Structures are given as structure tokens and as C-alpha cells.
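This report is for a reader who is new to the structure shown below. It takes up a few local features in turn.

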Amino acid sequence: MKSPIVLFVYNRPGHTRLTVDALKKNPESSDSDLIIFSDAPKSARDEASVLNVRNYLREVDGFKSVRIVERAQNFGLSKSIREGVTEILGQYETVIVLEDDLITSPSFLGYMNTALDLYATTEEVISIHAYSYPTKKKLPETFFLRGADCWGWATWRRGWALFETDGAKLLNEIRTRNEVARFNFNNSYPYTSMLEEQIAGRNSSWAILWYASAFVKNKLTLYPGRSLVHNLGNDSSGTHSKATNVYDVDVSDVVIDVVGSKPPLKDNQAAVEIFAGFFANDQSGVDTLKKLAKKILKWT
């Protein structure tokens, strides 16, 4: 049985159409249930674009079933994802999660479903991720990192049960263990600052809480060595940062060998260093990284 796919959309009909079109190119799409959560307009300015998205969604086919949940009130991405994923995992054992600006490889669903099956009873593994940074150094076919991520991901009911909404509790645990540097990918990325911003109410990020929840519980996420997701959202279509091509990738058309490459159940330190090197050498600089981090983890 294929895992259900949950797609969160808002006010970008062009992005949404591209996301769905790419997903339909996956052979498994016709055997997969697609549930779409459409958020309500935050203001009158967004009413027309939200309506355009909803009109398009009614035409979507190519899946085993399509269910559209049209919010009557604006939730924002954080609440929408937290409540939407919780709802679906009350009905299914697994979920594959996408947002309206993620272009997937034709092998995305195959990778996700294979990994979900392979690690279904492996308690050390909390989630599966499909995006990988465009690093200069080659990454393993698959590898584990401690924590969780947010650009095309999947989890089980048991994994989502570990999601902690108290950011202060998470940050205190990270500091008590003296693991701030590792949480920040060897101090190359401002995750602690993002968590502090969430605690202070200056962002409503669900993703920083998801990462921290998995990190504190010493849980692992599986990553592919070649990215199966490209994020369209860094094109200035959102409201929280300028356009950038720092995270642009060519999605792999080569199937990831999930079973044959099964890595050790531990945080891959070589991959940590490669990711840290990517962050540290980003020509955009730390200030831009902070702005991008806010965009990645907030509604755009």
C-alpha cells in the first residue's frame, strides 16, 4: 500500500500546478491518495489568488483519490502543517508531505515509499527526507543525519508522536547537553537563533521545532545523496526574502538505491561536515542565510 501524500497550498497557482504536474510523473501517483490542504486568505489582497488555486485543485486527477480541504479561516503554514499532518496520521500509519513550491523527481514517490517500508519498525529513524544540498563534495547514496527536515519529507505515526511544540524546552535541553554547535551544523547555520526567534514569537516555525524535536530525541532522518526535490520558493514569490539560487538543484533522474545502500544507523559525520562546508562557503553570507532560514520555515 502506498503512503498518502499531503500537499499544503496557499496563493500561488503557478507554483501549485508545477508541483502537482511533477508529482503526477511519478509512476506511484496513480496508486496514491492525495490530500490537499488549501489555506484561507490572510487578507483581501490574497482572495483572488487563493480562489485561483482552489479552482485549479478541482481539476486535479492522476491519483488514486484526491481530497481537498479548504480552510474557512487562515491558519498560516505552521498551524496548517501541524494540524494537517496530525489529522492524516490519525487515519494512516504514514504520510508524505509536500508544500506548493516543491518540484519532485519522477522517482520521488518510489524513494519515499521504499524507505518508509524499509524503516517502518526502526525506532531510531524518525523520518525520510528527499532534498539534498548542492554540495561540491559527493555524498553517499543514502545517509542518516540526526534531526529532521522540511523540503519533501515523510514520517510514521510513531515519528510524529515525538513532535514537541515547546521550543524553550527543546532549547534548554540542547544547551544542557552542550550540543549547540552540533545543532547548528558545527556552527555553520543559525538554527539556534531560529529556535530563539520561535520561542520569542517572532516566527511561528513548525520546522525548527520538528528538527529540534528529532535532534533532542537522538532520532535520525534518511537523506538521498542526490536531491529528488527542487524548491521553487526561492524566486521572490514569497514575502520574507529576496530571490536566490543558492539552493537550486537539478533533481536526479537516477533512482536512489535505498535497499542496496542501507547505511549504518548513526549520524554520518562526513555528511555533517560536507553540509557545514556548504553553509560556511555560501557566498550569500550569514545574514542572507538567516533571512533564507526564516523564509524556508515560514509561510511564503
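## A buried serine in a loop

A residue counts as buried when its relative accessible area is under 20%, and as exposed when that area is over 50%. The model is a predicted one. S29 has a relative accessibility of 4%, and therefore counts as buried. Its place in the chain is the loop that runs between α1 (13-24) and β2 (33-38).

What does the side chain of S29 meet? One of its polar atoms lies 2.9 Å from the backbone oxygen of N26. Leaving aside residues up to four places away in sequence, S29 touches L23, K24, G62, F63, K64 and L109.

Helix α6 spans residues 167-176, and its buried residues are G167, L170, L171 and I174. These residues lie on the same side of α6, because they cover an arc of only 95 degrees around the axis. An α-helix has 3.6 residues a turn, so residues three or four places apart point the same way. K169 and T176 are exposed, and they sit on the face of α6 turned away from its buried side.

Both ends of the helix can be described as well. After α6 comes N178, which has a positive phi, near 60 degrees.

## Neighbours of α6

Which helices do the buried residues of α6 pack against? They are α7 (180-183), α8 (191-199) and α9 (207-216).

Two packed helices are described by the angle between their axes and the distance between the axes. For α6 and α8, the axes come within 9 Å and cross at roughly 145 degrees. This crossing of α6 and α8 is left-handed. On the α6 side, the contact is made by G167, A168, L170, L171, I174 and R175, and on the α8 side by T192, L195, E196, Q198 and I199.

## The largest nonpolar core

The largest nonpolar core has 88 residues, of which F108 and I128 touch the most other members. Helix α9 gives the most to this core, with nine residues.

The surroundings of I128 can be listed, again without residues up to four places away in sequence. I128 touches Y111, M112, A115, L116 and Y119, and also G152, W153, A154 and W156. T221 and L222 are also among the residues that I128 touches.

Terms used. Residues numbered from 1 in each chain as written. Predicted model: local features only at pLDDT ≥ 70, side-chain atom pairs only at ≥ 80, totals over all residues. Heavy atoms only, no water. Buried < 20%, exposed > 50% of the residue type's maximum accessible area, 1.4 Å probe, protein only. Helix = DSSP H or I, 4+ residues; strand = E, 2+ residues; numbered from the N terminus. Arc of directions from axis to C-beta. Contact = heavy atoms within 4.5 Å. Core = buried A, V, L, I, M, F, W, Y, C linked by side-chain atoms within 4.5 Å. Polar contact = N/O pair within 3.5 Å; in protein donor to acceptor, adjacent residues only side chain to side chain. Axes fitted to C-alpha atoms, helices over the stretch in contact; angles between N-to-C directions. Left-handed = near helix turned anticlockwise from the far one by under 90°.
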